[in-house]
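Have the model open in your viewer and keep the sequence alongside.

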Amino acid sequence: MSTDLILLHAPSVYDFRKKTILYGPVSDLIPPSPVFEMYPIGLTSIAEYLERAGYQVRIVNLAVRMLRDRKFDAEAFIKRLKAPIFGIDLHWMVHCHGAIEMAKIVKKWHPEAKLIFGGFSSTYFYKELLEYPEIDYVLRGDSTEEPFRQLMDCIIRNKGELEKIPNLAWRDSRGTIHENPFCHVPADISDVMVNHYGNVVRSVVRYRDLISYTPVKDWLRYPITAVLTCRGCTQNCVICGGSAAAFRHCYNREKPVFRSPEAVVRDVRQISRFSNGPIFILGDLRQAGEDYASQVLSLLQKNRVKNQFILELFYPASRDFLRRISLACPDFCLEISPESHDPEIRKIIGRPYSSQELEQTLGDALDVGCRRLDVFFMIGLPRQTPQSVMDTIDYCDHLLDRFKGDKRLSLFISPLAPFLDPGSLGFEHPECYGYHILFRTLKEHRQAIVSPSWKYSLNYETDWLTRQQIVDTSYEAILRLNQLRVKYRVIPERLAKMSEQRLRAAWGMARRIDDLLSKNNIEEIDRLKPEVDRINTFPVAEKIQLEVPPPFIKLKPLQALWYSLTGR
Ligand code: SF4
């Protein structure tokens, strides 16, 4: 069977299995491991759109394959692949090393093939990307399905002209770089993500390759799936590369575009056919207005599925809204990120609500039957001193006390790491927010991400926190929060002890690496790899806490197969 396009997803650092890297508490609050093996949902959308146009597209998550099998030879695997076109996502900046190294391997073994990059970070750094001779094209923007189809037509069917493909930046055979107008920013996305989950299931069957399609390493054990509600955001969080301002300046999108309530619920129904794992609805439903939120919720209520839902709030919600969520999604989980206990800091970073509003929402959510309520705080914000971070932990104590150690309330804190997003207000206007940007270019970020300790990957400091203080304050704050979890019996003592052990080991290791670096003793750092890997892979209490309690979470292989064959 011939394949027209292979979409590859790289690990954060290509040779993570060889390099000594202490990751620190960077990815503890998200499903992927520190290798950031999760591929962007856009890959499934592009694959489905192109399949509808008659192309055979395969997704290969090489990061997951490398993580699952230490002996897996990624280069030999790439060498065996056959396609005239390869695509690599550089969406999240953490993949800046892995994605480009993978591009070099693809071109080494497939010099005739064309190589396309896409994603937010590709859009931001498209000029620098095209300096790499391996990369032929960069498709810019948040909606590249149609430009991608036109590019496929051009390369495979000899139809159309490269100069006319919107959003495309490319290098011609003489090495000249061309930039086509960046004008494809659709205000209607009803023609994408029509049946992308169904298409994934069909592709798994077609290529007999489930592992390459799994979004994260442990997905088969804990199959959490995300549903996108929009492209763009109404909010302007200073630290976020997906904010309204970032979309305007970097991706030419003036305002977010929303999927219809029917499309959102169609995704939910598709997922429920192959998995009864949790479904994460991405984006606050109220962004498109109360009517939109009500429509989604009433459709979910009418089309009940057994999966548990995780929803996010960008700002406090009324009791009535929370009650409507509980009717539509019984046993729902909720996430909210005030980032700091201090309303002044919240205001500066773009979350201008009071602690009273926050606590009212938390209380109401628990009252109406929220099964788990996750509240996230962050380290590395404007005006935040080490003392302010510790005050946030005191505030966590207050919250746990106020809600009487309700086990459904889970509080988390983590550093803003490794990067302040390029394109975010903080990165673009650091002087307004007290940030000091340490790396600006793609090359600098690529060098930083392979540093032996996460302190050296951080691309920023603030007027109030040096990189050393961010590291020390992070470990101290997470340790104190861990102790609070024991005090209020939120997690079992055994789990808290494990966490403490890991945190202390990681903190000690960070200091040891500092010391060795100051003596330029790189050989000794290399020798630490087994120990550093043990710390990196130690079970993380936060990750366990963030999983929805699994009554009988499982995939439904037979239903999925039936679905792929019949489309029903
Ligand atoms: S962090 Fe803020 S700006 Fe970014 S997606 Fe979330 S709500 Fe929008």
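Axes here are lines fitted to C-alpha atoms, for helices over the stretch in contact, and angles run from 0 to 180 degrees between N-to-C directions. Helices (H or I, at least four residues) and strands (E, at least two) are DSSP runs, numbered from the N terminus.

Keep in mind that this is a predicted model, in which local features need pLDDT of at least 70 and side-chain atom pairs count only at pLDDT 80 or more, while totals for chains, interfaces and linings use all residues. Residues are numbered from 1 along each chain as its sequence is written, and side-chain values use heavy atoms, with hydrogens and water left out.

Which residues bring helix 8 and helix 10 together? From helix 8 come His 196, Tyr 197, Gly 198 and Val 201, and they meet Asp 267, Gln 270, Ile 271 and Phe 274 of helix 10; contact means heavy atoms within 4.5 Å. By type, the residues of this contact of helix 8 with helix 10 divide into 4 nonpolar, 3 polar and 1 charged. In this scheme Ala, Val, Leu, Ile, Met, Phe, Trp, Tyr, Cys and Pro count as nonpolar, Asp, Glu, Lys and Arg as charged, and the others, Gly among them, as polar.

Helix 8 has another packing partner to look at. The axes of helix 1 and helix 8 come within 9 Å and cross at roughly 80 degrees, which means that helix 1 is roughly perpendicular to helix 8. Helix 1 contributes Thr 44, Ser 45, Ala 47, Glu 48 and Glu 51 to the contact, while helix 8 contributes His 196, Asn 199, Val 200, Ser 203 and Arg 206. The residues of this contact of helix 1 with helix 8 divide into 2 nonpolar, 5 polar and 3 charged.

Now turn to the ligand. Around it sit Cys 233, Gln 235, Cys 237, Cys 240, Ser 243, Phe 314 and Arg 351, each with a heavy atom within 4 Å of it. This shell divides into 4 nonpolar, 2 polar and 1 charged residue.

Next, the aromatic rings. There are 13 aromatic pairs in the structure; rings of Phe, Tyr and Trp (its six-membered ring) pair if their centres lie within 6.5 Å, and planes under 30 degrees apart count as stacked, over 60 as edge-to-face and the rest as tilted. One of the pairs joins Phe 120 and Phe 247, whose ring centres are 5.3 Å apart with planes at 90 degrees, so the pair is edge-to-face. It links distant parts of the chain, with Phe 120 in helix 5 (residues 120-124) and Phe 247 in helix 9 (residues 244-251), 127 residues apart. Phe 120 is buried at 18% relative accessibility, and Phe 247 is buried at 5%; buried means under 20% relative accessible area, exposed over 50%, and partly exposed in between (1.4 Å probe, protein chains only). Ring pairs also link Phe 120, Phe 247 and Tyr 251 into a cluster.

Finally, some loop residues deserve a visit. Asn 167 has a positive phi of about 70 degrees although it is not a glycine, and it is found in the loop between helix 7 (145-156) and strand 6 (168-171). Is Asn 167 buried or exposed? At 0% relative accessibility, Asn 167 is buried. Arg 489 also has a positive phi, near 55 degrees, in the loop between helix 19 (467-487) and helix 20 (493-518), but Arg 489 is exposed, with a relative accessible area of 64%. The peptide bond from Ala 417 to Pro 418 is cis, with omega near -5 degrees, and Pro 418 lies in the loop between strand 15 (409-415) and helix 16 (425-428).

Definitions and conventions. Angles under 35 degrees count as roughly parallel, over 145 as roughly antiparallel, 65 to 115 as roughly perpendicular and the rest as oblique.
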